[in-house]
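This report covers one protein chain. Please keep the sequence and the 3D view open while reading.

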Amino acid sequence: MASDNDPSNASETRSSCELDGGEALRLLGSVSLGRIVFTRQALPAIRPVNHVLVDGDIVIRTHGDAALTRYTRQNESEGAVVAYEADDIDPDTHLGWSVVVTGYARLVTDPRELARYRPLLRPWVSRTMDHAVRISPVLVTGVRLTADGPAPSA
């Protein structure tokens with residue numbers, strides 16, 4: 001039996017609408033937490049990371065021993081294919097948005113560029129994060145979940 005606070009019993013109808021790429025990137029830039037998806041031992045790996053949007057690219061910090069650092073280093077010339085997801089969805093109402101970016105990740109090697117990102121991205125753990133990865137979006141998709149109004153009565 002469903003409870004009163006079960007979202008399936010919501011008194012409002014909901015819908016989703018596709019976001020254009022510009023709006024999706026703007027929303028992604030409004031939050032600092034996301035998840036990066038990359039290949040590790042021929043399988044998908046997902047890591048939660050903090051990010052900043054710089055000139056339309058997503059930048060994250062990492063450390064030298066990280067699987068992501070090794071993956072981007074191995075695919076340095078063409079860039080490593082990755083996906084990046086961020087969202088802001090209310091856990092109670094299930095309203096909000098979600099954005100997925102697919103593109104190429106490259107290690108940032110320019111010391112001036114690394115110095116620029118250092119104050120923008122604070123590590124979550126007590127570990128030296130001396131590397132940065134820049135993701136250049138190729139495909140940007142997003143969806144907004146909205147409430148349309150009261151559900152029609154039966």
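## Salt bridges

The model is predicted. Its salt bridges number 7. One joins Glu23 to Arg144, with the closest N and O atoms 3.0 Å apart. Glu23 is partly exposed, at 23% relative accessibility. Arg144 is also partly exposed, at 25%.

Another bridge pairs Arg35 with Asp87, and here the closest N and O atoms are 2.8 Å apart. Again distant parts of the chain are linked: Arg35 belongs to strand β2 (residues 33-40), Asp87 to strand β6 (residues 80-89), and the two are 52 residues apart. Arg35 counts as partly exposed because its relative accessible area, 26%, falls between the cut-offs of 20% and 50%. Asp87, at 28%, is partly exposed as well.

## A local pair and a network

Side chains of opposite charge can pair when their charged atoms come close. Arg112 and Asp110 meet in a salt bridge of 3.5 Å, N to O. Arg112 is exposed, with 67% relative accessibility. Asp110 is partly exposed, at 27%. Elsewhere, salt bridges with shared partners join Glu23, Arg26 and Arg144 into one network.

## A nonpolar surface patch

Which residues make the nonpolar surface patch of about 370 Å²? They are Val81, Tyr104, Val138 and Leu139. Val138 is placed in strand β8 (residues 131-150). Its relative accessible area is 59%, so Val138 counts as exposed.

Is Tyr84 buried or exposed? Tyr84 is buried, with a relative accessible area of 1%. The residue lies in strand β6. Its side chain makes a polar contact with the side chain of His51, at 2.7 Å. Tyr84 and Val37 are 47 residues apart in sequence, yet their C-alpha atoms are 6.1 Å apart in space.

Asn50 is another buried residue, at 14% relative accessibility. Strand β3 (residues 43-50) contains Asn50. Leaving out residues up to four places away in sequence, Asn50 touches Ser32, Val59, Ile60, Tyr84, Leu121, Arg122 and Trp124.

How many of the residues of strand β5 (residues 57-62) are buried? The count is 6 of 6, and the strand is mostly covered. In a regular strand the side chains alternate between the two faces of the sheet.

Strand β4 (residues 52-54) runs antiparallel to β5, and 3 bridges join the two. Val54 stands opposite Asp57. The hairpin of β4 and β5 has 2 residues between the strands. Asp55 takes a positive phi there, near 55 degrees.

How values were computed. Residues are numbered from 1 along each chain as its sequence is written. This is a predicted model: local features need pLDDT of at least 70, side-chain atom pairs count only at pLDDT 80 or more; totals for chains, interfaces and linings use all residues. Side-chain values use heavy atoms; hydrogens and water are left out. Patches are made of residues with over 30% relative accessible area and no salt bridge: like charges are joined within 9 Å, nonpolar side chains (Val, Leu, Ile, Met, Phe, Trp, Tyr) within 5 Å. Accessible areas come from the Shrake-Rupley method with a 1.4 Å probe; for residues, only the protein chains shown count as cover. A salt bridge is a side-chain nitrogen of Lys or Arg within 4 Å of a carboxyl oxygen of Asp or Glu. Helices (H or I, at least four residues) and strands (E, at least two) are DSSP runs, numbered from the N terminus. Buried means under 20% relative accessible area, exposed over 50%, partly exposed in between (1.4 Å probe, protein chains only). A polar contact is a pair of N or O atoms within 3.5 Å; within protein, one must be able to donate a hydrogen and the other to accept it, and residues adjacent in sequence count only if both atoms are side-chain atoms. Contact means heavy atoms within 4.5 Å. Two strands pair if DSSP finds at least two bridges between them.
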